[in-house]
Amino acid sequence: MNDAVVVGAGPNGLVAANLLADAGWDVVLLEANDAIGGAVRSSTDVDAAFVHDTFSSFYPLAAVSPTIQGLNLQEHGLEWSDAPAPVGNPLRGGGWSLVHPDAADTAAALDAHSPGDGQAWLDLYSDWQRVGPAITEALLSPFPPVRAGVDLLRHLLGARGLKRLQLLIGPVRSVADQRFSGAAAKMLLVTNSQHADIAPTSIGSGLMGWLLVMIAQQHGYPVPRGGAGRLSQALADRFTARGGTIVCQARVDEIVIRGGRAVGVRTTDGTEYSARRAVLADVSAPALYCHLIPRQDLPFHVLQRLRFFKWDPATVKVDWALSTPIPWRDSPELAPGTAHIADSVDDLRRWARQLAGDWIPDRPFLLMGQMTTADATRSPAGTESAWAYTHVPQHTRGDAGGRLSGSWDAADAETMTERIEARVEEYAPGFTDRITARRILTPFELERRNANLVGGAVNGGTSGLTQELVLRPMPGLGRAETAIKSLYLASASAHPGGGVHGACGSNAARAALFHAR
């Protein structure tokens with residue numbers, strides 16, 4: 001009999017399986033698809049000579065995650081690669097806003113745009129060096145983060161404590177206006193905040209912007225050499241080297257519960273996998289509570305609370321094989337791996353307001369990846385493996401551009417891609433002439449390829465404050481433990497949410513080990 005069954009071989013499931021195997025447990029990991037990786041996979045689907053990441057690509061949170069770093073994945077073939085610059089924004093008025101590898105160089109460049117912003121950047125970075133470790137530990141630990149919380153409280157009560165508190169809870173627009181005078185520095189902070197679905201005017205967006213842009217400054221935005229799938233493969237190889245078993249094409253359709261306790265799972269072909277100690281589910285919270293747990297075994301109040309679960313916005317992603325690097329109108333001093341396309345902070349606020357109102361934005365904010373720039377193995381010399389994605393509503397009220405229905409059929413996919421490519425053309429004239437192949441991933445196609453990306457939501461549920469910390473995924477179930485004994489939620493629907501940091505899987509494994517003792 002297995003000690004544990006882990007459902008789902010995405011990054012969180014792989015992390016959880018590894019940690020249980022490290023503790024000496026006999027673990028079987030079940031994956032519904034024909035390959036491991038979840039949202040951390042790569043392929044040559046677009047062009048046989050190009051490697052494209054199907055979902056996620058850059059992993060700044062992995063760079064600061066104690067869980068990922070503690071697994072020593074370099075011993076299992078993982079190599080990290082970095083672009084000359086981690087992240088930047090082409091500016092509407094010309095030039096770039098860019099994070100350089102050295103903070104002094106970033107500051108000098110920002111000072112050239114607006115005198116005084118360079119020192120303000122160094123002040124932010126100095127604060128990050130003092131407080132950052134406590135923040136990342138607090139965010140990536142099970143809630144409540146007692147040890148990290150005490151350390152963080154010490155910093156908040158000390159000198160500059162009020163300013164630090166404003167960073168942690170303030171809207172990013174206000175934080176940017178208070179700290180900087182020029183557009184270049186403001187755009188770095190605000191655009192990085194939009195990796196989560198928190199509007200620039202909402203509480204908590206300041207923390208997200210500061211967190212990601214400071215990680216970029218300190219650690220970069222690393223990518224796995226050879227493709228995102230190399231990260232998943234390293235996790236899988238580490239797990240099997242410790243005696244773990246992975247079974248693909250094993251779709252679980254029921255958690256087996258006896259006496260109020262999870263004792264195994266049953267797959268669609270009728271196979272039952274028993275679990276002596278625990279079942280860990282790297283699936284979305286709605287999938288676990290509404291589909292996998294038999295209705296008669298679930299307390300009524302859990303279903304009632306789940307009615308208020310909110311998904312993050314949907315996503316449209318386009319991958320391109322390009323015959324040359326992206327022909328930016330103004331060449332950046334250093335080529336960034338990640339580029340953000342937005343005209344201004346006001347433009348971002350307008351985009352976020354349209355999205356919040358369930359309108360498809362007419363001028364989408366783009367998050368772009370220049371993958372060959374970050375890792376030369378991704379495509380032939382002189383070419384570029386690139387992508388861009390943007391968010392759209394889960395349920396569409398209308399299209400601010402007047403052409404899309406929100407059904408995401410073939411016509412919508414083409415029209416949205418034209419809108420995305422036209423946006424890139426504004427900053428890189430001739431971009432579309434370089435396209436030799438492309439792949440369009442609509443919200444429904446993303447979900448078809450990975451069932452956890454419901455409606456194209458990539459973060460396991462909204463990152464808004466109403467569904468974070470003790471409220472994630474729902475009030476009363478804000479930890480990895482679920483309403484069923486020996487059953488643990490190990491996906492991004494659990495605290496701390498989306499991003500490839502492994503913390504959701506780690507928290508679930510730690511909970512299972514604790515209760516087994």
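User: What makes the backbone oxygen of Pro133 and the side chain of Thr136 a polar contact?

Analyst: In this predicted model, the backbone oxygen of Pro133 lies 3.1 Å from a polar atom of the Thr136 side chain. A polar contact is a pair of N or O atoms within 3.5 Å; within protein, one must be able to donate a hydrogen and the other to accept it, and residues adjacent in sequence count only if both atoms are side-chain atoms. Local features need pLDDT of at least 70, side-chain atom pairs count only at pLDDT 80 or more, and totals for chains, interfaces and linings use all residues. Residues are numbered from 1 along each chain, and side-chain values use heavy atoms, without hydrogens and water.

User: Why is Thr136 called buried?

Analyst: Thr136 has 10% relative accessibility and therefore counts as buried (under 20% relative accessible area, with exposed over 50%, partly exposed in between, 1.4 Å probe, protein chains only).

User: Which residues does Thr136 touch, not counting those up to four places away in sequence?

Analyst: Thr136 touches Val64, Trp128 and Leu211, where contact means heavy atoms within 4.5 Å.

User: How do you know that the span of helix α14 is close to the expected one?

Analyst: Helix α14, residues 345–356, has twelve residues and reaches 16 Å from its first C-alpha to its last, close to the 16 Å expected at 1.5 Å a residue. The expected span is 1.5 Å times one less than the number of residues. Helices are DSSP runs (H or I, at least four residues), as are strands (E, at least two), numbered from the N terminus.

User: What do the buried residues of α14 pack against?

Analyst: The buried residues, among them Leu348 and Trp351, pack against elements including α8 (172–179) and α16 (410–427).
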